[in-house]
Amino acid sequence: MTSIRRRLLVVLLGVLSLLMLLAAGLSYRAGLQEAGEMFDARLVQSSRVLLSLVDEPLSDLSAFPGDPIVLRGWHGRADGVGEALAFKDGHAYENKLAFQIWAPDGRMLLRSDSAPTAPMASLSPGYADVDIDGAQWRTFTLRSPQGRWFQSAERSDIRQELAEDIAVGTLLPLLLALPVMALVIWLTVAWATRSLRKVSTDIGERDLDRMTPLDDTKLPEEVHGLVRAVNELLQRLDLALARERRFIADAAHELRTPISAVKVHADNARLATFDEERQESQRLLARGVERVERLVSQLLSLSRTERSIGKDAFRKLSLDALVSNEVEELRALAASKSQVMNLVLDTADVFGDEFSLGLLVRNLVENAIRYTPEHGVVVVSTEQTGEQCVLTVEDSGPGIPKDLQDRVFDRFYRVIGSGAEGSGLGLSIVQETLDVHGGKISLGTSQCLNGLKVTVKLHTNA
Amino acid sequence: MRILLAEDDASLGEGIRTALRRAAYAVDWVQDGASALTAIGDGDIDLVVLDLGLPRMDGIDVIRKVRAAGGNVPILVLSARERASDRTLGLDVGADDYLGKPFDTPELLARVRALLRRSVGRATPTLEAGALSLDPARLTAIWKGHTLDLTRREFALLRLLMEQQGRPLGRETIQQHLYGWDEDVASNAVDVHVHQLRRKLDPGIIRTVRGIGYALGDPSDAAA
């Protein structure tokens, strides 16, 4: 499980912290640089001031060698920052500043008491960074026209301290903002995800009896896509369910009559007084059972066809081979009615599902046989015209009156007085299969046989 | 007793017709609503067994039209529409009984008997006339304590005459109540059945009413 809120918090606060650290680092570096420039300039200036003040007087003293002069600074103790370090007679940081003056011959002439007795840096003009008694110092060395060396020095940590102060000054308000940001993010995400939680509650309330679309009027537009997709899914499910329910209701209704027939024949056989009566009822009972059997198998086929044959299962098939196989299965039925069955099969390819197309062919041919009287003729032909393949089933039966030709595709519809015991499902299965395959069916009158002519057109390629 | 069966399903229709015939009823079988209405209009039908999902005219419309025309023939509806609301509708438009599919044949026959006896204002299940007793449910006739061995037609003829309680019936009418319209009938069939009954029971059991036909006789008179 990933939480949007947790992820947002971690990412946003993480990035924010990194940015703050970067800002602090940058301001530390900038502070260090600025302070360095300023302090360096002051170092030079104090060297020059020292030089202009004491170079001349030192010339007078040069004739009297002796111990170097030591200038004493303020040596009180003080803690704290800023004003706490400043006093009327000095500053706690005085011992972080030092200077030395050397004669051209390397003899020390003068130093501050914060400076060591050895040269703080090598006696050559310019800046240097040196280590004195474990502390970092910045020095500047200046040579007077008389060849004396003036060295000013300053503890480096003064600069670092300043830079750190600047960096902390930058970082501190940002650090204080961090928990506030976290809270704001938390609340914003909670507010934004409330709509998502509402959608999930809404979806949770849906079930088979309540497939109403979700209400998206009060939701942010970011979730509209989700809601629309869910609504479309709900609609599809609702349709499929309605179809399933209708199918079950239809099937239950249509099974009642054949089952009643089976029951009546069974009762008649049981209650028969004479043997021949019993045998007759048993014969009718057997036929009734066969009919229920056929109806059930057709219902299952139809339900399977309706449940939509996966188009993945589609492949290129030989229509003439398919027809030839199915007709072979039905030859016995045609023979029982002494019918002539003619096949005119030209090579034809069809793209589709083998099972359901087989069912389509079987239903059409079986219909032709059932509705054609004894000694009739049934002709089945296939041909291919360009991108289409055509299956034609013609018979010498009574045909279907024009005004009923649309109705025969209705589920469980049977033409009155046709005498055949159909389930009324055959053409529904055919129609369903054609819908899935994008095929077309047309009914007409056979030119040569005067009966019904059924023409089915299907695609040869995907 | 002549029953009109309106059922479009060939197999079920054949089964019901067989069951009714074996219960000694003459059966006319039609397979659509319009034909049912015509047959009822022609009269001489004692009961209609009516399917509702009929082609050309729904069973409910058939009942409405029959009742609107003042027809009072008992109608037993036999339908796959078997929800309570369907039954209520069927009974309220004028059906006398309603049986859902699938049904038990003995129950169907029992309901037919019940409707038939009620339609002549009788409540007792058996028919009695002197020493003659007839049980339509078991298709048995007892004459002076002995069970008679009757054919279905003979039983049907006896039942018909007993239902009339002595009122005479013409040969033509009797024939219509013994044979369905698709059955072969010999021209003297009724006379033959009358002869057989007189032989098996008593010559006086059936009176010949001159110029009209036959009526149930008074067996006690005959015996005297």
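**Exercise 1. Describe where chain A meets chain B in this predicted model.**

*Solution.* 
Step 1. Start with the polar contacts: 14 residue pairs make them across the interface of chain A and chain B, with both residues at pLDDT 80 or more.

Step 2. Next, look for the elements involved on the chain A side. Those giving two or more residues to the side that touches chain B are α3 (224-271) and α4 (275-306) of chain A. With 13 residues, α3(A) supplies the largest share of that side.

Step 3. Eight are nonpolar, seven are polar and nine are charged.

Step 4. Turn to the charged pairs that cross between the chains. There are five salt bridges between chain A and chain B. One of these joins A:E277 to B:R22, and their closest N and O atoms are 3.5 Å apart.

Step 5. Finish with the extent of the interface. In terms of contacts, 24 residues of chain A meet 23 residues of chain B. The size of an interface is often expressed as the accessible area lost when the parts come together. Here the buried area is about 1900 Å², and carbon and sulfur atoms give 53% of it.

**Exercise 2. Work out the layout of the five-stranded sheet in chain B.**

*Solution.* 
Step 1. Read the strands across the sheet: the order is β2-β1-β3-β4-β5 (chain B), the sheet is open and the pairing is parallel.

Step 2. Find the edges. They are β2 (26-30) and β5 (97-100) of chain B; each has a single partner strand, so one side of each has no neighbour in the sheet.

Step 3. Zoom in on one pair. Strand β1 (residues 2-6) and strand β3 (residues 47-51) of chain B run parallel and share four bridges. In this pairing, B:I3 has B:L47 of β3(B) as its bridge partner.

**Exercise 3. Compare the neighbours of each strand in the six-stranded sheet of chain A, and find what packs on the sheet.**

*Solution.* 
Step 1. Write down the order, β1-β5-β4-β8-β7-β6 (chain A), for an open sheet with mixed pairing.

Step 2. Pick out the strands that pair on one side only: these edge strands are β1 (69-71) and β6 (126-132) of chain A. Ignoring direction, neighbouring strands of this sheet are turned by 20° against each other on average.

Step 3. Follow one antiparallel pair. Strands β7 (residues 135-143) and β8 (residues 149-155) of chain A are linked by seven bridges, and A:R143 is partnered with A:W149 of β8(A).

Step 4. Place the helix. Helix α2 (residues 157-204) of chain A packs on the sheet and touches β7 and β8 of chain A, with its direction at about 40° to that of β8(A).

**Exercise 4. Locate A:G444 and describe its surroundings.**

*Solution.* 
Step 1. Identify the element: A:G444 sits in strand β14 (residues 440-445) of chain A.

Step 2. Find the pairing. β14(A) is antiparallel to strand β15 (residues 452-459) of chain A, over six bridges. Within this pairing, A:T445 has A:L452 as its bridge partner.

Step 3. List the contacts. Setting aside neighbours within four places in sequence, A:G444 touches A:G451, A:L452 and A:K453.

Definitions and conventions:
Residues are numbered from 1 along each chain as its sequence is written. Chains are lettered from A and ligands numbered from 1 in the order in which they are written. This is a predicted model: local features need pLDDT of at least 70, side-chain atom pairs count only at pLDDT 80 or more; totals for chains, interfaces and linings use all residues. Side-chain values use heavy atoms; hydrogens and water are left out. Contact means heavy atoms within 4.5 Å. Buried area is the accessible area (1.4 Å probe) that two parts lose on being put together, summed over both. A salt bridge is a side-chain nitrogen of Lys or Arg within 4 Å of a carboxyl oxygen of Asp or Glu. A polar contact is a pair of N or O atoms within 3.5 Å; within protein, one must be able to donate a hydrogen and the other to accept it, and residues adjacent in sequence count only if both atoms are side-chain atoms. Ala, Val, Leu, Ile, Met, Phe, Trp, Tyr, Cys and Pro count as nonpolar, Asp, Glu, Lys and Arg as charged, and the others, Gly among them, as polar. Two strands pair if DSSP finds at least two bridges between them. Axes are lines fitted to C-alpha atoms, for helices over the stretch in contact, and angles run from 0 to 180 degrees between N-to-C directions.
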